[in-house]
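Here are my notes for your next look at this protein. Keep the viewer open while you read, and take the points in any order you like.

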Amino acid sequence: MASSMIDKFFENFQGDSPVIQSFGYWGHKIYEDREIWKMQAHLIVAALFPIYIGSHASLRRPPSAEAPKKSKDGDDEEDDEIQVEPTMEGFSPSDAIMFPIMAGCTLAVLYFIIKWLKDPRILNLILTWYFSILGVFGVGKLAADALNVATTFIFPLVWSSRKETYHVDQELRKQLTGNTIKAGILQTRKAAPDKSSPLAGPLSAIPLPRSVNSFLWNLRALVTTNWILRGYIHNIVNLTTRIRLNDAIGLVLGFAAIVLYNTIGKVWWLTNLIGFGFCYGTLQLMSPTTFWTGSLILIGLFFYDITMVFYTPLMVTVATSLDVPIKLVFPGPKNGGMLGLGDVVLPGIMMALALRFDLYLHYLRQQRLEAPLSLKPQEKKLVKTKYQDATGLWGERFWTSNSTKITEADGARFPKTYFYASVVGYIIGILTTLVVLNIFRHAQPALLYLVPGVLIALWSTALFRGELSLMWGYTEDGSLEENWEEVKAKREKDEKDEKEGKKPKDDTKKEKDTKHAHHVVLFSISEPKRRKVAKVESESDELNLGEPAMPKGVFAFKGVEKGKDTKPVANGTGDDSDEFSVSEEE
């Protein structure tokens with residue numbers, strides 16, 4: 001009985017059986033359409049690329065992590081402790097109504113202009129210059145961050161071998177090893193005698209001439225230093241921020257890309273590069289604020305996309321008539337393919353929100369209740385974990401992947417459950433779009449399939465994990481911060497003063513304006529303050545720091561509050577001493 005069933009099964013794979021014919025048919029069809037499959041695979045990867053990197057670049061300190069402490073004197077500029085908080089444009093529920101209306105009006109205006117002009121060359125020229133100006137900054141930001149990521153691979157802050165973890169100290173120009181003492185302030189580390197260059201991995205063991213090592217340390221300082229940029233134009237601009245050399249190089253590369261785009265022809269890869277820049281920047285500037293607001297916006301655009309593609313000629317006419325970098329294009333058979341930037345950005349801002357929610361949950365689960373000595377045992381205080389930077393540490397993550405110790409790269413390592421769920425939903429949605437496109441041979445509204453894919457993936461994940469209430473209550477409007485009541489009261493007072501015609505009181509702005517009282521235009525780039533290395537004349541001087549004497553080759557770093565000067569003090573009397581201690585200047 002069993003043998004006869006097996007024989008019948010294998011008969012399906014012999015001669016002219018339907019199974020063999022089916023395999024042959026589909027195998028031949030896949031081979032014939034291989035260029036189409038390549039193009040569609042290219043489309044999927046190109047759509048996910050800016051979403052993935054843009055979402056990770058949008059990470060910032062969540063309200064579940066400890067807020068940074070401000071300096072006691074409040075004068076950050078004097079200490080060059082410039083804090084650049086990422087700003088995001090948050091949406092409100094009313095935007096769920098206005099988004100489709102504004103998008104529809106814009107599309108209709110473009111459609112009628114194209115029909116009125118009959119030749120869209122003039123409109124293309126105007127829009128090309130407009131998007132070219134924006135593209136300089138979009139591509140510039142993308143190029144600068146790409147250079148910063150490359151820098152972390154060449155000159156990482158920390159890296160690990162199988163046996164040891166090395167911390168690269170630029171100002172001491174040494175690679176340090178040793179564990180941090182978590183329970184106390186003092187961190188004891190020693191210099192690695194065989195690591196004289198700032199390079200990581202096997203390259204660090206190569207003996208190099210002193211001049212080469214000096215060049216590498218200088219190069220590392222050049223590309224990793226955060227310079228202080230100050231710009232002032234009377235009553236117009238008052239700017240203080242941090243920049244790197246890579247930011248300037250990125251801006252030059254962005255300008256070069258736009259020049260090439262407008263001179264050598266609008267080739268597909270330059271069009272896509274500009275599109276990547278737009279998507280990358282937008283994901284860092286726009287936030288749905290809450291998951292339910294983002295869901296409302298996507299649902300509204302879901303119906304907008306269906307109406308404009310299936311029931312009006314507006315979308316297809318505008319998309320095919322305009323030759324501007326507002327879409328991703330892919331070379332291939334039958335005039336290739338394209339994907340609007342809206343099909344990347346709109347689901348992308350929801351996916352970026354999911355990644356920030358993952359980071360919020362990561363720190364939320366680390367919160368604990370403790371009873372300080374000043375309080376009664378039953379009066380416990382909520383203690384949050386200090387935030388570790390989670391952006392731009394790709395090189396450190398690579399070099400410390402085999403480390404068992406806590407490093408600076410651990411801030412970028414956290415569970416990304418909701419983000420990966422949204423990525424799966426996006427891939428399913430775009431695959432469905434391509435399948436339907438191939439079946440019906442008609443342009444498809446991608447949001448028709450992407451919106452359900454992303455939203456179902458996110459909300460079903462929250463339902464399955466029992467975190468619906470957390471997901472529903474998560475917001476980026478600042479109300480989850482500890483000082484929200486104070487911020488809210490100040491905001492309401494400023495709004496009231498503005499309605500009454502009074503100027504909101506801003507002590508910080510007043511103080512800055514006082515510094516520039518005699519300036520009309522000011523522009524400067526300065527180097528941040530560095531730690532100074534000083535000699536300790538005797539062992540007693542070191543003991544005055546309140547720490548035990550250290551053996552030769554040991555570094556001690558004493559934790560300090562932000563805004564206080566930190567001075568490394570050499571332990572010893574020789575010029576080439578490898579002994580240092582860092583003390584806090586009260």
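The points below go through confidence, strands, helix packing and aromatic rings.

1. A word on confidence before anything else. Please remember that this is a predicted model. The mean pLDDT of the protein is 78, with 73% of its residues reaching 70 or more. Among the elements, helix α14 (residues 447–465) has the highest mean pLDDT, 96, while helix α18 (residues 539–543) has the lowest, 33.

2. Three strands make an open, antiparallel sheet, in the order β7-β6-β13. Which strands stand at the edges? They are β7 (237–243) and β13 (521–526); each has a single partner strand, so one side of each is left without a neighbour in the sheet. On average, and ignoring direction, neighbouring strands here are turned by 5 degrees against each other.

3. Within that sheet, have a look at the pairing of β6 with β7. Strand β6 (residues 227–233) runs antiparallel to β7 and is joined to it by 7 bridges. If you want landmarks, I228 stands opposite R242 in β7, and G231 stands opposite L239 in β7. The two strands form a hairpin with 3 residues between them, and N235 in the turn has a positive phi of about 65 degrees.

4. There is another hairpin to visit. Strand β9 (residues 327–330) pairs with strand β10 (residues 337–340) in the antiparallel sense, over 4 bridges. F330 has G337 of β10 as its bridge partner. Here 6 residues lie between the strands of the hairpin, and K334 in the turn shows a positive phi of about 60 degrees.

5. Helix α3 (residues 34–57) packs against helix α11 (residues 342–364) at an angle of about 40 degrees, the axes being 9 Å apart. Their crossing is right-handed. On the α3 side the contact is made by A47, P50, I51, S55 and H56, and on the α11 side by V344, G348, M351, A352 and L355. What classes of residue are found there? The contact of α3 with α11 has 7 nonpolar and 3 polar residues, and no charged ones.

6. α3 also packs with helix α8 (residues 268–285), at an angle of about 35 degrees and with the axes 8 Å apart. The crossing of α3 and α8 is right-handed. Residues of α3 in this contact include H42, A46, F49 and I53, and those of α8 include W268, F276, Y280 and L283. By class, the contact of α3 with α8 divides into 11 nonpolar, 4 polar and no charged residues.

7. Finally, the aromatic rings. The count comes to 22 aromatic pairs.

Methods
Residues numbered from 1 in each chain as written. Predicted model: local features only at pLDDT ≥ 70, side-chain atom pairs only at ≥ 80, totals over all residues. Heavy atoms only, no water. Pairing = 2+ DSSP bridges. Axes fitted to C-alpha atoms, helices over the stretch in contact; angles between N-to-C directions. Left-handed = near helix turned anticlockwise from the far one by under 90°. Contact = heavy atoms within 4.5 Å. Nonpolar A, V, L, I, M, F, W, Y, C, P; charged D, E, K, R; others polar. pLDDT = per-residue confidence, 0-100. Phe/Tyr/Trp six-rings, centres within 6.5 Å; stacked < 30°, edge-to-face > 60°.
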